[in-house]
Structure formats: structure tokens, C-alpha cells
Amino acid sequence: MRIRPATQGDAAAVWAILEPVIRAGETYTLDRDMREADALGYWFGADKETFVAEDEDAILGTYYLRANQAGGGRHVCNAGYMTGATATGRGVARAMCLHSIGHAKARGFRAMQFNFVVSSNVRAVGLWQSLGFEIVGRLPGAFAHPALGDVDALVMFRML
């Protein structure tokens, strides 16, 4: 698997990953009816560096990295990850997170924070914890899950 910076030429493959996750509405706070152009505009936003994970020229996942805050908080970065349904369980998210940690360090970030990890996304929570992230905050009932109702959102953090 190779992780590389995304290009606009990757947009269709990235949308193929983003769309089912957005439509499911179970892990991201994006509007479930978000249009393709808006979703790609968000994922490839000027405030982000966007990457793709690929294997034999098939894009398996994507992530972005950005400063979490401006000014006095700009040394802490934030990232978002999505893996294609056919690549689930193949270590793609782990590889992307490890890549993002290394890239963030190289960019001079000193910590990484996930602002809103949906607590019912137990695979992601476990993965982030295995990579050194700690739950530093809990937002009770902050996420309206389409099947489970209101569930907690977690703030996860690690030093780099």
C-alpha cells in the first residue's frame, strides 16, 4: 500500500469512498444529503492537505490533515479518515493514521486532536487508542446517530 498526496484527478475515487459514509450518517457530522461538489470541496479544502491510500492503482482510503486551530493552537493538528467499504479490515485506516502522524511531525505539529469521534464507532475508537490517542473529553449525547439515537462524541488527543 502506498499513501500519496491526493490530486483533483482522484476526485471520483475519493467521492466513491466519501459518499456511502456520508449517506450512512453514522460516523461524520456531515449532512447526509450533502452533494458531491460540496463534499469534495470540504475534503479537498484549502485549509487541508489531502492524501489517498492506494494499492495497485486502486484508491482504498483517504485522509486529510489540517491545523486544529489558529494562533496559539496551531501547533495541534486535526485529521479525518475514511476507508472504502471493500478495504475495511485491511489495515488501511491504521496505515493512514501512522502516515498522518509522521507527516504531522514533519510539518512541525506537536500534537494531534480528534474533535468529535462518535463513541459508537468502536473500531475507530479502538484503533486510535492502540495508536496512542487518549480520550480526554466526552460530549454526552452530542451525535444524533440514525439508528442508535443520541450517542456520545469523544475528544481524543495525543502528543507527537
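These legends describe close-up views of a predicted model. Local features need pLDDT of at least 70 and side-chain atom pairs count only at pLDDT 80 or more, while totals for chains, interfaces and linings use all residues. Residues are numbered from 1 along each chain as its sequence is written, and side-chain values use heavy atoms, with hydrogens and water left out.

**View 1. Helices α1 and α2 cross at roughly 105 degrees.** Helices (H or I, at least four residues) and strands (E, at least two) are DSSP runs, numbered from the N terminus. The axes of α1 and α2 come within 10 Å; axes are lines fitted to C-alpha atoms, for helices over the stretch in contact, and angles run from 0 to 180 degrees between N-to-C directions. The two helices are therefore roughly perpendicular (angles under 35 degrees count as roughly parallel, over 145 as roughly antiparallel, 65 to 115 as roughly perpendicular and the rest as oblique). A11, V14, W15, L18 and I22 of α1 are in contact (heavy atoms within 4.5 Å) with E36, A39, L40 and W43 of α2.

**View 2. Helix α2 (residues 36-43) has the buried residues A39, L40 and W43.** Buried means under 20% relative accessible area, exposed over 50% and partly exposed in between (1.4 Å probe, protein chains only). Seen down the axis, the buried residues of α2 fall within an arc of 95 degrees, so they line one face of the helix; the arc is that of the directions from the helix axis to the C-beta atoms. They pack against α1 (11-24), β2 (49-55), β3 (58-67) and β4 (76-83).

**View 3. R66 lies in strand β3.** R66 is buried, with a relative accessible area of 19%. Leaving aside residues up to four places away in sequence, R66 touches Y42, D47, K48, C77, N78 and F109.

**View 4. Helices α3 (residues 92-106) and α4 (residues 122-130) cross at roughly 40 degrees.** Their axes come within 11 Å, and the angle makes α3 oblique to α4. A93, R94 and C97 of α3 make the contact with L127, W128 and S130 of α4.

**View 5. Helix α4 has the buried residues A124, V125, L127 and W128.** These residues cover an arc of only 165 degrees around the axis, which puts them on the same side of α4. The face turned away from that buried side carries the exposed residues V122 and R123. Among the elements covering the buried residues of α4 are β5 (111-118), β6 (134-145) and β7 (149-159). Just after α4, G132 takes a positive phi of about 95 degrees.
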